[in-house]
Amino acid sequence: MSNTVAAIATPDGIGAIGIIRISGEDAISIASCCFRPANENKILTEMSGYTAAYGHIFDNDGDIDDAVATVFRAPHSYTGENTVELSLHGGRAVMTRALRAVYSCGADAAGRGEFTKRAFLNGKLSLTEAEAVMDVINAESSAALRSANNIKNGAVYKKISRLKEQLTFCAASVAAYVDFPEEGVADERDTELTEPIINAADEIKQLIDSFDCGRMIKNGVDCVIAGQPNVGKSTLLNALSGRERSIVTSTAGTTRDIIEETVSVDGVEFRLADTAGIHNGNDEIERIGITLARERIKTAQLVLFVFSAENALTDEDIEMIHSAENAPYILVVNKSDIGEYNDAERLEQYGDVVYISAKNDENTDMLRKLMLKKCRIGHINQADLIIANERQLTAAKKAYDALMIAKDELINGQTLDAVAMLIDDAIAALMELTGENVSESVISEVFKNFCVGK
């Protein structure tokens, strides 16, 4: 990538500061063509890296704006190339004119994610770290930000690198057994080779298992609140969200449409959907709401089935619980402040039960903890490694499958040549995960989802 590119690196719109990023071999000379330091003794092309100069950006029609030029010299920059960042006032007109001035001095327009792509191609970031850059930008919760930063800082890359080293040593041992069978070492191959293969496969399986959890941390959890009319679903939504989001009355069937609210539980976003009470309603509009509620239960990632402590458990309640199919759910007995729930023992046969008073906000903290646990998020912390997207998941599965077949081949006494090929396949899949062995089409696919200027 020999050309020099430029783009606005700050969001489109009006802001106090706007930044134009220029990267490439000629970045400094191009910037000096349209930026004039206020100090006449300063020359941009002679400035060292990590230094800045105040001055004016200009074009053929005169000065455009006050600006600060910050110089980064290769390889000590984000992209690994010579880079200049021009900081000026962030109005649309001034930014557009300033960027045109940079283009007129010889810079090409940067494509989506081109600066991060150059950082990857120049060895400044692994592909997993590069992907995490956009996850940091798009993070909408503190948990998602922690996870993305962990990956961006190289945690996954370091783990995969360590696994590759282990498997490379294992492959070398296989080669030794193949090349020197007369030494009799092949008799020890079961313990010498099988154990490290199984250990590596177990670690990769942990990464694979983290995918669903990681997706929920990244995108939030689709959580449905369901139950019969007047059990306190809307009151529960209000208690969890901390504000009066749903209308609460003593009249059954008040909620007819689905009301949604996003709440943060220990940094993880739950998209709560308060649904119509599920029962055999006669009102046509109410029946539509009930149908929508049943459909949302089938697609939810978590269901909170709400019951009232003042009502006995019915066959309709049991049928509702079964409607969750494969989705995890929590059985929430509301209105516990009015007295003990008589059907507690029967209800507890169907899953985890928590007893609350949504009206008085009692025991809702226990419910929040159980929500995290049910989504397998409760054990996740900042140090945990999480597979972040489908591309990484596919590569991890390739590596895992190859190692499991290699293990079976060893146990069944198959030829070591076949085992060696399978270990090589696993190493290649791990290199694909980190981006060390990946096609140009995959790289293009990754970076096309980036914004221009990053």
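In strand S7, Asp 108 is the bridge partner of Val 5. Strands here are DSSP runs of E with at least two residues, and helices are runs of H or I with at least four, both numbered from the N terminus. Strand S7 (residues 108-109) runs parallel to S1 and is joined to S1 by 2 bridges; two strands are taken to pair if DSSP finds at least two bridges between them. The model is predicted, with pLDDT of at least 70 needed for local features and 80 or more for side-chain atom pairs, whereas totals for chains, interfaces and linings use all residues. Residues are numbered from 1 along each chain as its sequence is written, and side-chain values use heavy atoms, without hydrogens and water.

Strand S1 (residues 5-8) is also joined by 4 bridges to strand S2 (residues 15-23), in an antiparallel arrangement. Ile 8 lies opposite Ile 20 of S2. The hairpin of S1 and S2 has 6 residues between the strands, and Gly 13 adopts a positive phi near 135° there.

Helices H4 (residues 127-138) and H5 (residues 142-152) have axes that come within 8 Å and cross at roughly 155°. This angle makes H4 roughly antiparallel to H5, a term applied to angles over 145 degrees. The axes are lines fitted to C-alpha atoms over the stretch in contact, and angles between N-to-C directions run from 0 to 180 degrees. In the contact (heavy atoms within 4.5 Å), residues of H4 including Ala 132 and Val 136 meet residues of H5 including Leu 145 and Ile 151. By class, this contact of H4 with H5 has 6 nonpolar, 2 polar and 3 charged residues; Ala, Val, Leu, Ile, Met, Phe, Trp, Tyr, Cys and Pro count as nonpolar, Asp, Glu, Lys and Arg as charged, and the others, Gly among them, as polar.

Notes. Angles under 35 degrees count as roughly parallel, over 145 as roughly antiparallel, 65 to 115 as roughly perpendicular and the rest as oblique.
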